[in-house]
Amino acid sequence: MSFPVLESDRLNLIDLNQSHAVHLFNQFSREDVTRYYGMDPLTTMEQAEKMITNMNKGFMEKRSARWGIQLKETGELAGTIGLNNLQLWSKKCEVGYDLHPDFWGKGYVKEALEKVLSHCFETLELSRVGAVTFPDNEASWKLLLKMGFEKEGLLRNYLYQGGKTHDAFVFSLTFEDWNRLY
């Protein structure tokens, strides 16, 4: 199975490789990026390289997919978006995304998410796409609601980061929702 490159008006969603490690390190070594990511900031370039290796392995094993969000105009990598806990046999996954702060507030995640959701429902024929957010990550869960996701509830002590557990909101968008909205 070859990696699906997706395209929108302003973005190319690309396969990540080791040439992107510097960007990932620069992004994920920042506290303001990882605060709501469910992991502590990276401290070494090797950790960024391992992230990419694990992303590629997850895709090869059909457990996940992670795209780089690349700006068409400049070729810059703004962040990533991907499918976690991908279960093709049970037709579900979770979506997650991140951006370097230089690109916040420009609508890139919404644009990328539309393409990834289209891929989930129209190509992979999934029945459900879930999302998990920190309750304090208002920008993320407001985007999910705007995109038609429904808030399903609170997962107590679901995330572990910074040496402690955190609650999380869980959201979903179903195939039926997608067809009704898009």
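These legends describe close-up views of a predicted model. Local features need pLDDT of at least 70 and side-chain atom pairs count only at pLDDT 80 or more, while totals for chains, interfaces and linings use all residues. Residues are numbered from 1 along each chain as its sequence is written, and side-chain values use heavy atoms, without hydrogens and water.

**View 1. The open sheet has eight strands.** Strands (E, at least two residues) and helices (H or I, at least four) are DSSP runs, numbered from the N terminus. The strand order is E1-E2-E3-E4-E5-E6-E8-E7, and the pairing is mixed. Two strands pair if DSSP finds at least two bridges between them. Strand E1 (6-7) and strand E7 (150-161) stand at the edges. Each has a single partner strand, so one side of each has no neighbour in the sheet.

**View 2. Strands E3 and E4 pair in the antiparallel sense.** E3 covers residues 65-71 and E4 covers residues 77-87. Six bridges join them. Ile69 stands opposite Gly79 in E4.

View 3. H3 (residues 45-60) has 16 residues. From first C-alpha to last it reaches 23 Å, close to the 22 Å expected at 1.5 Å a residue. The expected span is 1.5 Å times one less than the number of residues. Ala48, Met51, Ile52, Met55, Gly58 and Phe59 are buried in H3. An α-helix has 3.6 residues a turn, so residues three or four places apart point the same way. Glu46, Lys50 and Met60 are exposed, on the face turned away from the buried side. Buried means under 20% relative accessible area, exposed over 50%, partly exposed in between (1.4 Å probe, protein chains only). The buried residues pack against helix H1 (21-28) and E3.

**View 4. Glu111 is a buried residue of helix H4.** H4 covers residues 108-123. Glu111 counts as buried because its relative accessibility is 12%. A polar atom of its side chain lies 3.4 Å from the backbone nitrogen of Asp9. Leaving aside neighbours within four places in sequence, Glu111 is in contact (heavy atoms within 4.5 Å) with Ser8, Asp9, Arg10 and Leu11.

Notes: Polar contact = N/O pair within 3.5 Å; in protein donor to acceptor, adjacent residues only side chain to side chain.
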